[in-house]
Amino acid sequence: MTEDGMPRELISREVLDRRVGELADEIERDYADSEELLCVGVLKGSVFFMSDLLQRLSRPLVVDFFQTSSYRGETTSPGEVRIRRDLDHSLAGRDVLLIEDIVDTGYTMRTIMALMGFRGARSVRLCVLLDKACKRETPVQIHYRGFEVDDVFVVGYGLDYDDRYRNLPYIGVLEEPGASE
């Protein structure tokens, strides 16, 4: 935390803007032949990143959202995912760009991507703002990666701690979550 009680800046707004633009350029190139792209954001953390990213795309697209809860404990297996909000659009025969704020263990993304394939998506590509690869427990193919981060607790630009800090314009490190409460 800084002296004013705010999380220490890890990735500035300027660096975020530049990288989001680069990701948009990559996506535009890769989907040049696609008639329409279904862009699915994973709630809630992806909203800021997704908004900035999609405003930079010039192709026809449809926006939808998916929300899950992950469970880990004695009575559940790693990666057990509960759907809290499902998609409004059919995936059958569509190119899907799945947009997520952060991937760590990989269980949730692996499950969501498999479900989208099962539902008939023609293709599913994953665009992730932050990749915490050091925490990966199961393989996940990330097609578009904003940044790789170490095992630190990050907030801002959509990421939160107890629903706070989402609106920070930068990615910050929260040194000790809950210590200031």
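1. The charged end of Arg125 is placed over the ring of Tyr31, at 4.9 Å from the ring centre. The model under review is a predicted one, and the remarks that follow should be read accordingly.

2. A search for aromatic pairs across the whole structure returns 1. The pair consists of Phe153 and Tyr161 in an edge-to-face arrangement, with 5.7 Å centre to centre and 80° between the planes. Phe153 is classed as partly exposed because its relative accessibility is 34%.

3. Strand 2, spanning residues 37–42, is mostly covered, as 6 of its 6 residues are buried. The burial extends to both faces of strand 2: one side carries Leu37, Cys39 and Gly41, and the other carries Leu38, Val40 and Val42.

4. Strand 2 is joined by 5 bridges to strand 5 (residues 95–103), and the two run parallel.

5. Cys39 deserves a separate remark. With a relative accessibility of 0%, Cys39 is therefore counted as buried. Which cysteine sulfur is closest to that of Cys39? The closest one belongs to Cys127, and because the separation is 9.2 Å, the two sulfurs are too far apart for a bond. The cut-off applied to such a pair is 2.5 Å.

6. The count of disulfides in the model comes to 0. For reference, a disulfide is a covalent bond that links the sulfur atoms of two cysteines.

Terms used. Residues numbered from 1 in each chain as written. Predicted model: local features only at pLDDT ≥ 70, side-chain atom pairs only at ≥ 80, totals over all residues. Heavy atoms only, no water. Buried < 20%, exposed > 50% of the residue type's maximum accessible area, 1.4 Å probe, protein only. Helix = DSSP H or I, 4+ residues; strand = E, 2+ residues; numbered from the N terminus. Pairing = 2+ DSSP bridges. Phe/Tyr/Trp six-rings, centres within 6.5 Å; stacked < 30°, edge-to-face > 60°. Lys NZ or Arg CZ within 6 Å of the ring centre and 35° of its normal.
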